[in-house]
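Subject: Structure for you to look at

Hello,

Here is the structure I said I would pass on. Please open it first and then read the notes below.

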Amino acid sequence: MAALLEVGDLHAAYGTTRVLHGISFSLEEGSITALLGANGAGKTTTLRALCGMVDTQGQVSYAGSRIDGKSTEDIVRLGIAHVPDGRGTFVNLSTEENLRLGAYVRKDRKAVEDDFERIYTYFPRLKERRHQQAGTLSGGEQQMLAVSRALMLRPRLLLLDEPSFGLAPLIVREIFGIMRTINQSEKVSILLVEQNAAMALDLADRAYVIETGRVVLSGTSSEIKQDEAVRRSYLGY
Amino acid sequence: MDAFLQQVFAGLATGGIYASVALALVMIYQATHHLNFAQGEMAMFSTYLAWSMINAGFGYWTAFLLTVILSFVLGVIIERVIIRPVENAPVLSVVVVFIGLLVILNSITGWIFSYTIKTFPSPFPTAPLLGNKFVSSHQIGAIGITLVVLLLLFAFFRFTPLGLAMRAAAQNPVSAKLVGIRVGWMLALGWGLAAAIGSVAGMMVAPIVFLDPNMMGGILLYAFAAALVGGVDSPGGAVFGGFLVGVLENVLGAFVIGNELKLAVALVLIIGVLVVKPSGFFGKVHVSRV
């Protein structure tokens, strides 16, 4: 399979603080790829860099063409959905309006309406709360909403930033289960950023370990799981 | 009693105009957290455009419609050309730009059209509606048009995809970009809409206060008071505040403090609200971690 996303020597900085020092990785079409690393390693910044949300240097190719330097709004139109750090909920809008915004760039009105039902079968809780102000949803529900909003784009590539953050293990398992379904039945490729390395490695096909803005290790999930250093630092056994 | 009711209706009529201008202020405030001090002068300039068109022989409603459209375009252009470069500037720089815009619009209008006071026609009959003695036809018409504008705006924001996108962009620009909304253009659209609403308010108030480059000075103060009373981030509150300020101003001016001190009502309200309840009646209380 060809690489859907190919990142080469990516640098990024916030003002004068450099965060990424030449990251390279690739993501196969149809796969789930995980970026692992501790706090401050540059995982979130990597996702932001892919979406044109920070100033970057280096190459990002998506589906065969360069997307580095493009605006966030244009990158979204290529079918890249980003579930941001902190969930990015539109807190004063209703759940349904949040979902509708996810499909903002789509022109196929009819299919969008059908997608509401599709989303509600994945997350029945959101259907119950569809007229509720999104800011009043629980953390888990807001994470479901963030994922659903991204799915409303019908993305080819889904960028997930710490979907497990601050959530109860049961809800995390539910969300990860749905991610697997979406990946397998809808052929959505997923780039997953996680601190919870154990769960991420169970879900992902491949993983990259990032430390201080560089990739230090890469391989299939099972290879990474067996790595002595990863086991000690990220898996804790 | 009759005199009192007359004042109340007059208050509702001007209140509708304050409500429109307040709404224009709130729209820009919600998106950018800046109060547009030039809002009144923009409306005044629009009213002069309408006056020129009517004088050039256009029918009233044709001129009205053209003015609204032209004001919208001018609002968009002002945002793109003048406001955009100071988007990320400190708040005081933005205030200075707004005041500069106010003075420029005021002077340009005076230069083009002279400072002589002009009459501006009302599209409504001069005879009172159904011979009632409380309220003139223009007052009823102005209230009616204000309500239509407010309803249209409400429907636009509530029911159209573009309206939803504008609300999203104002609320959470980062997330809005991530769903593909062009946030910069939403701001420009907001300015366009604010200018269009302002132009309607200008055309409705001009027959009452007459047309001159300084006609919106007092009105802008009342509109600030209205926006603050209602809560400066609440569109519904702005409308409520507008009508409340209009009625208060007229009733207090006629029966309590006299017409000369009417403007003080606005100033007292502004200071009173800021001291006692800065979030206004319907605004949200902002809590932030420091």
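Leaving aside its neighbours within four places in sequence, which residues is B:Ala226 in contact with? They are B:Tyr18, B:Ala19, B:Ala22, B:Ala238, B:Gly241, B:Gly242 and B:Val245. Keep in mind that this is a predicted model.

The core

B:Ala226 also belongs to the largest nonpolar core, which has 164 residues. Together with B:Val21, B:Ala22 and B:Ala223, B:Ala226 touches the most other members of that core. In chain A, domain 1 (3-79 + 155-235) and domain 2 (91-154) both give residues to this core, so it lies between them.

Where the chains meet

On the B side, 14 residues are in contact with 18 residues of chain A. Two elements of chain B, α6 (161-171) and α7 (173-178), are the ones that give two or more residues to this side. The most come from α6(B), with 5 residues. By type, the residues on the chain B side are 7 nonpolar, 4 polar and 3 charged.

The sheet in chain A

Chain A has an open sheet of 6 strands, in the order β6-β7-β8-β3-β9-β10, with mixed pairing. Its edge strands are β6 (80-83) and β10 of chain A, each of which pairs on one side only. On average, and with direction ignored, neighbouring strands of the sheet are turned by 15° against each other.

One place to look is A:Val83, whose bridge partner in β7(A) is A:Leu160. Helix α6 of chain A (residues 139-151) packs on the sheet here and touches β6 and β7 of chain A. The direction of this helix makes about 170° with that of β6(A).

A:Arg206 has A:Thr220 as its bridge partner in β10(A). The two strands form a hairpin with 2 residues between them. In the turn, A:Thr212 has a positive phi of about 35°.

Another helix to find is α1 of chain A (residues 43-50), which lies across β3 (32-36), β6, β7, β8 (189-194) and β9 of chain A. Helix α1(A) runs at about 145° to β7(A).

Regards

Conventions
Residues numbered from 1 in each chain as written. Chains lettered and ligands numbered in written order. Predicted model: local features only at pLDDT ≥ 70, side-chain atom pairs only at ≥ 80, totals over all residues. Core = buried A, V, L, I, M, F, W, Y, C linked by C-beta atoms within 7 Å. Buried ≥ 20, exposed ≤ 12 C-beta atoms within 10 Å, placed from the backbone. Domains from an automatic or database assignment. Contact = placed C-beta atoms within 7 Å. Helix = DSSP H or I, 4+ residues; strand = E, 2+ residues; numbered from the N terminus. Nonpolar A, V, L, I, M, F, W, Y, C, P; charged D, E, K, R; others polar. Pairing = 2+ DSSP bridges. Axes fitted to C-alpha atoms, helices over the stretch in contact; angles between N-to-C directions.
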